[in-house]
Amino acid sequence: MASAIARSSLRKALGVARANPASKRSFSSGASVDEEAREAAKWEKITYVAIAASSILAFVNLSKGHPHFDEPPPYPYLHIRNKEFPWGPDGLFEVKEHH
């Protein structure tokens, strides 16, 4: 420990600068600012193309014809009422005219 302090003070006295290894470290990719800007611009363009393509595809799919089915026949057994409702002969949300 004492020798490390002595070396450090000797370097300071001689003016020898030691390179800090942490300052040279490039993090994950080591890409420059220009490369990062190009990469961001590339993904921005890809996003715009994907939005346009998916919008066109949705428009094409939604503009196609789709089948419409006829109304089912009014089978009498679908509206069987064995007992009158407490609010009258019609269903709660049905509106019928009585003659």
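Which residues form a nonpolar patch on the surface, and what is their accessible area together?

A: This is a predicted model, in which local features need pLDDT of at least 70 and side-chain atom pairs count only at pLDDT 80 or more, while totals for chains, interfaces and linings use all residues. Residues are numbered from 1 along each chain as its sequence is written, and side-chain values use heavy atoms, with hydrogens and water left out.

The nonpolar surface patch consists of Tyr 75, Tyr 77, Leu 78 and Ile 80, which together have about 460 Å² of accessible area. Patches are made of residues with over 30% relative accessible area and no salt bridge; nonpolar side chains (Val, Leu, Ile, Met, Phe, Trp, Tyr) are joined within 5 Å, and like charges within 9 Å. Accessible areas come from the Shrake-Rupley method with a 1.4 Å probe, and for residues only the protein chains shown count as cover.

Ile 80 lies in the segment after helix H3 (33-63). Ile 80 counts as exposed because its relative accessibility is 57%; exposed means over 50%, buried under 20%, and partly exposed in between (1.4 Å probe, protein chains only).

Helix H3 also holds Lys 42 and Glu 39, which are 3 residues apart and therefore separated by about one helical turn. Lys 42 is partly exposed at 38% relative accessibility, and Glu 39 is partly exposed with a relative accessible area of 38%.

The protein has 3 helices and 0 strands; these are DSSP runs (helices H or I, at least four residues; strands E, at least two), numbered from the N terminus. Of its 99 residues, 3% count as buried. Mean pLDDT, the predictor's confidence in each residue from 0 to 100, is highest in H3, at 95, and lowest in helix H2 (residues 21-24), at 55. Where pLDDT is low, the predicted coordinates should not be read in detail.

Methods: A salt bridge is a side-chain nitrogen of Lys or Arg within 4 Å of a carboxyl oxygen of Asp or Glu.
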